[in-house]
Amino acid sequence: PDVLPDLPEADLVRTRPQVSWSGDAMQHWDGTFVMVWEDALAVFNHMFMVRDLSTKRGWSHRVFNGEWTEDTCGGTPIPVRSECQATVTSWATNPQYPVTISSPPEREAGSVDMVVCLEQPDARFEPGAVFPWEEHLREIFMCLCRSEPGAPRLPAFNKKIIMRDGGVSLISRRKEVTLTPTVASPNTLVVVPSTWEVGVAGKFILSVYIRVPDGHVEWPSEEPL
């Protein structure tokens, strides 16, 4: 039998095609189901909208598996609290990921969209972890700084070179923080992920998406500057 055989014809038009709950159809079921609005409100409290950032849509991307160590965790020198441990020079020891963007020949210099996501390992896979897993998450931060092609590491935290419009994340104890800036092209930018504390060890994943075709982004190596 169909999932909802008694729906009025008008409602059937608005729903996705139903699947049989028996036979071969169940082997190919993609997880789609139908739920009345009142039940959805009772069960769910978050809705996620997903963007297609694939190469088919004109995006280039790289994913970097990074790590803070005692020597490469310089903290975040933003005085949002009185106990700030980091300094402008200690911040510069954090991993740095330079990205150089060039405009395609058919496109004049202008602006391009970026999506940058800094993630911590999923604490749900930690043995004995308890929701909301705060003991397994660091307070993390990320910023996007202006630079020059081939420039060495940024020597210090400098508010004047940080992109103010969309180039600064929250300082937050959560699994991930995200930036969605629109940046000038051509351009060289440096992504710097950091923690609030200084000298703590931890792994992270940095995903960078830029809306230009492949071949128009000079990516850093797997090892950051």
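Select lysine 203 to start. Lysine 203 is exposed, because its relative accessibility is 53%, over the 50% cut-off. Keep in mind that this is a predicted model.

**Stop 1: from lysine 203 across to glutamate 67**

Lysine 203 and glutamate 67 form a salt bridge, with the closest N and O atoms 3.8 Å apart. The two ends come from distant parts of the chain, 136 residues apart. Lysine 203 sits in strand S8 (residues 202-210), and glutamate 67 in strand S1 (residues 60-68). Glutamate 67 counts as partly exposed, at 41% relative accessibility.

**Stop 2: two further salt bridges**

Side chains of opposite charge can pair when their charged atoms come close. The count for this structure is six salt bridges.

Select glutamate 139 and arginine 173. Their side chains meet in a salt bridge, 3.6 Å from N to O. Glutamate 139 lies in the loop between strand S3 (110-119) and S4, and arginine 173 in the loop between S4 and strand S5 (176-179), so the pair ties together parts 34 residues apart in sequence. Is glutamate 139 buried or exposed? Glutamate 139 counts as buried, because its relative accessibility of 13% is under 20%. Arginine 173 is partly exposed, at 39%.

Next, pick arginine 57 and aspartate 52. Their salt bridge is 3.4 Å, N to O. Arginine 57 is exposed at 54% relative accessibility. Aspartate 52 is partly exposed at 41%.

**Stop 3: the open sheet**

Switch to a cartoon view. Four strands make an open sheet in the order S4-S7-S2-S9, with antiparallel pairing. Which strands stand at the edges? They are S4 (140-146) and S9 (217-218). Each has a single partner strand, so one side of each is left without a neighbour in the sheet.

Zoom in on S2 (residues 97-101) and S7 (residues 187-195). These strands run antiparallel and are joined by five bridges. Select isoleucine 101, then look across to S7: asparagine 187 stands opposite. Strands of a sheet pair through backbone hydrogen bonds, either parallel or antiparallel.

**Stop 4: aromatic rings**

How many aromatic pairs does a search of the whole structure find? The search finds four. Select tryptophan 91 and phenylalanine 157. Their ring centres are 5.2 Å apart and their planes stand at 80°, so the pair is edge-to-face. This pair links distant parts of the chain, 66 residues apart: tryptophan 91 is in helix H3 (residues 88-91), and phenylalanine 157 is in the loop between S4 and S5. Both tryptophan 91 and phenylalanine 157 are buried.

Move to tyrosine 97 and phenylalanine 204. They form an edge-to-face aromatic pair, 6.4 Å centre to centre, with 85° between the planes. Tyrosine 97 belongs to strand S2 and phenylalanine 204 to strand S8, 107 residues apart. Both tyrosine 97 and phenylalanine 204 are buried. Ring pairs link Phe64, Trp68, Tyr97 and Phe204 into a cluster.

**Stop 5: a nonpolar patch**

Select Phe33, Met35, Val43 and Phe44. Together they form a nonpolar surface patch with about 400 Å² of accessible area. Valine 43 is in helix H2 (residues 37-43). Valine 43 counts as exposed, at 55% relative accessibility.

**Stop 6: cysteines**

Finish with cysteine 73 and cysteine 84. Cysteine 73 is buried, with a relative accessible area of 2%. Cysteine 84 is partly exposed, at 26%. The structure has zero disulfides.

Technical notes
Residues are numbered from 1 along each chain as its sequence is written. This is a predicted model: local features need pLDDT of at least 70, side-chain atom pairs count only at pLDDT 80 or more; totals for chains, interfaces and linings use all residues. Side-chain values use heavy atoms; hydrogens and water are left out. A disulfide is a pair of cysteine sulfur atoms within 2.5 Å. Buried means under 20% relative accessible area, exposed over 50%, partly exposed in between (1.4 Å probe, protein chains only). Patches are made of residues with over 30% relative accessible area and no salt bridge: like charges are joined within 9 Å, nonpolar side chains (Val, Leu, Ile, Met, Phe, Trp, Tyr) within 5 Å. Accessible areas come from the Shrake-Rupley method with a 1.4 Å probe; for residues, only the protein chains shown count as cover. A salt bridge is a side-chain nitrogen of Lys or Arg within 4 Å of a carboxyl oxygen of Asp or Glu. Two strands pair if DSSP finds at least two bridges between them. Rings of Phe, Tyr and Trp (its six-membered ring) pair if their centres lie within 6.5 Å; planes under 30 degrees apart count as stacked, over 60 as edge-to-face and the rest as tilted.
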